[in-house]
Amino acid sequence: MSTSSGRTRSASDRLSFFGTPIATLAGLVALWQLVVSLFSIPTFILPGPLVVWRTAVEFGANWVPHVLATVAIALLGFGVAIVVGVLLAIIIVHSRTLSRVLTPAIVIMQIVPKIAFAPLFLIWFGLGPLPIVVVTFLVAFFPMVVNAAVGLAEIERDLLDLARVLRLNWWKVLWSIRFPTALPHIFGGLKIASTLAVIGAIIGEFVGSNRGLGYLILIANNNLNTPLALAAIALISLFGLALYAAIVLLEMISLPWKPVEAGGLESVAQV
Amino acid sequence: MTRAVAVELRGVSCEYRTRTGRVLAVEKLSMQASDREFVALLGPSGCGKSTLLKMVAGLVPATAGEVLVYGRPVVRPLESLGMVFQSPVLLRWRTVINNVLFPAEATGRRDAAMRERAMALLRLVGLTGFEDKYPHELSGGMAQRVSLARALLLEPTLLLMDEPFGALDALTREEMGIELLRIWQEQPKTILFVTHSISESVLLADRVIVMTPRPGRVAAEITIDLPRPRSGRMRVLPRFGELVSVLQDEMGIAT
Ligand SMILES: Nc1ncnc2c1ncn2[C@@H]1O[C@H](COP(=O)(O)OP(=O)(O)OP(=O)(O)O)[C@@H](O)[C@H]1O
Ligand SMILES: [Mg+2]
C-alpha cells in the first residue's frame, strides 16, 4: 500500500485492509476442520470448528452473565488503568522529585509477577469482582504510564518557548500543547493496554470467581467439555478484537491531523 | 530623531551550559533599538542572533549584563511581544486558522472579530483557501507564513523575527517584506529582524547591526538612509548598491 501522504484510502485499499485478514482467518478455520476430520481427532482433544459453533449456539442465553461479567471487569480495570496511568504520567512529567520516587516504583511493580499475587488478592480483597479488577488494572496500567509519560515529555523546546511567549500557565500548556502532542502515544498505550486488560480479566477469573468467561473455561475443562472451552476462548478473542477496533476507530476520529500511514499494522507492531 | 528607547542591551553575555560543556554564544554585546524602529541583525550562522532575540523575549536569561525593554529589565516574556521563531513551530493538530488564532484563544480573547482578523492576516500572507489545512499539508514557506500571521494577530508593539522569510523564494520573500513594512507603518511597532540576506536588510530596515562570529558582538551598525516607503524598485538605486557593498565589507565578503 502506498498511501504515504494522501488522506484518502482507495476502495481497493480498504477492501484488502479488511478483506485480507478475514480471508486468512477463514482459511485457517477451514484447515482446522480439515485436519480434525481427516485424522478423526476425538472431540474432547480437539473439536472441529463446526462442533464448537454448534456448542456455542446451544449454550444460548447461558452466555449472557459470563460475557457481561468478563466485559465489565475488563472495561473497569482498563478504565482505572487509563485514568491512573495518565495521572501518574502527568505527575512524572511535571515533578522531577516525584518522578524519581515514582519511576522505580512503577518499574518494580511491572517486574514483580503480578499474576502470582492474584491468589493473595483474594485474601486481601475478598471474593468477588474486586481482586479481579485489581489484577486487570495492574496488568494493563504499565504501558499506559510509559506511553503517556513519553508523549507528555516529548514536547519540543520551541513549542515550550511559544507557550512562554504566550504566557500560558502550566495547566494550559498541559491541556493545549502537551496533551495533544502526547495523544498518538497515548493511543499506542491504549492499544497495548486494551489487549492486556482482557488477558488480565481472564487470569483473574481463573484464580477466583464464580462467573465470567475465564471461570467458564475452567468449568468446561473440568468436564472435558473442550468445545465449550474453545467457544469461550473465541468469544474472549472477539471481545478483545472489538475493544481494539473501537480504540483504532476513536484514534482515527480524534487524530484527523495525523497523515495516513502506509500499512495499518504500524499500530500492531507497537504491541 | 529622539524617540524613546524600546530595547536596550548593556554589556550582555549569554553562555549555554550543556552536558558537553559551555558555549559562549553572545559576549558583552551592547545595542539599542528605538521605539518604532526597524532594526535588522546580520551575522554568520551560529553567531548568537537567535540567542539575542530570545534574551530580548525573556526566554533565555543573560548570564551577564542587562536586557531592558521599555526601560525595565526583562525577566519573562512581555504581553505586548510577538515572536516569529526560526522554525514555524505550528501546532500540528490544529488547522491553519486555528494556529493563527491560538494566541487569542490562549489569552481568552477569541471571538468573531479575532477570526475576521485572522482571515485578513491569512489573506495578507497569501494563504486564503488554506484555512482548514493541517500543517503537514503545507510547504515550509507556507508554514512560515502561518507563523508570521500568528505573531501579528494580537498586534504586538515589539516584534521579534528570526529569519521569518528564510524558507521563501526570492519573489515571495520581497513581497512579504514589503507587506511587513506596510503593517509596521499602519500599526507602529519596534521590530528586531534577523536575516542572512544583506539586500533584504537594506530593503527593510532603518538600521542594520552586523554581528561578529561567535561569541557574538556588534561588529558594525549601519544606518539605512533610503527614503520610505520602500519598494523593490529601490534595488536599482546607486545608494542601495553602496549600502549593500558596505555591509558585504563588514561581513567580510569579498566583492
Ligand atoms: N539551547 C542551546 N544549548 C546550547 N547551546 C546553544 C543553544 N542554543 C544555541 N546554542 C549555541 O549558541 C551559539 C549561538 O546560537 P544561535 O542559535 O543564537 O545562533 P544564530 O546566530 O541564530 O545561528 P543561525 O544563523 O544558524 O540561526 C551556537 O554556537 C549554538 O551552538
Ligand atoms: Mg538562529
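Which elements of chain B each supply at least two residues of the shell around ligand 1? In this predicted model, they are the strands β1 (5-18) and β2 (21-34) and the helix α1 (49-57). The largest share of the shell, 3 residues, comes from α1(B).

Ligand 1 lies between chains A and B. It is surrounded by 16 residues, and the closest are Ser45(B), Gly46(B), Lys49(B), Ser50(B) and Thr51(B). By residue type, the shell around ligand 1 consists of 8 polar, 4 nonpolar and 4 charged residues. Side chains of chain B make polar contacts with oxygen atoms of the ligand. For Thr51(B), a polar side-chain atom is 2.5 Å from an oxygen atom of ligand 1. For Ser50(B), the distance from an N or O atom in the side chain to an oxygen atom of ligand 1 is 2.7 Å. For Gln86(B), a polar side-chain atom is found 2.8 Å from an oxygen atom of ligand 1. The protein buries 72% of the 630 Å² that ligand 1 exposes when taken alone.

Helix packing was examined in chain A. Two packed helices are described by the angle between their axes and the distance between the axes. Helix α5 (residues 114-125) of chain A packs with helix α6 (residues 129-153) of chain A at an angle of about 150°, and their axes are 9 Å apart. Angles over 145 degrees count as roughly antiparallel, and α5(A) and α6(A) are therefore roughly antiparallel to each other. Their crossing is right-handed. Helix α6(A) also packs with helix α4 (residues 96-111) of chain A, at an angle of about 140° and with the axes 10 Å apart. On this basis α4(A) and α6(A) are oblique to each other. The crossing of α4(A) and α6(A) is left-handed.

Backbone geometry was considered next. Most residues other than glycine have a negative phi, and most peptide bonds are trans. In chain B, a cis peptide bond joins Arg214(B) to Pro215(B), with omega about -5°. Pro215(B) sits in the loop between β9 (207-211) and β10 (218-223) of chain B. The peptide bond from Arg228(B) to Pro229(B) is also cis, and its omega is near 0°. Pro229(B) belongs to the loop between β10 and α8 (238-251) of chain B. In chain A, Leu224(A), a residue other than glycine, has a positive phi, near 50°. Leu224(A) is located in the loop between α9 (213-222) and α10 (226-254) of chain A.

Key: Residues numbered from 1 in each chain as written. Chains lettered and ligands numbered in written order. Predicted model: local features only at pLDDT ≥ 70, side-chain atom pairs only at ≥ 80, totals over all residues. Heavy atoms only, no water. Near = heavy atom within 4 Å. Polar contact = N/O pair within 3.5 Å; in protein donor to acceptor, adjacent residues only side chain to side chain. Areas by Shrake-Rupley, 256 points an atom, 1.4 Å probe, with all protein chains shown as cover. Helix = DSSP H or I, 4+ residues; strand = E, 2+ residues; numbered from the N terminus. Nonpolar A, V, L, I, M, F, W, Y, C, P; charged D, E, K, R; others polar. Axes fitted to C-alpha atoms, helices over the stretch in contact; angles between N-to-C directions. Parallel < 35°, antiparallel > 145°, perpendicular 65-115°, else oblique. Left-handed = near helix turned anticlockwise from the far one by under 90°.
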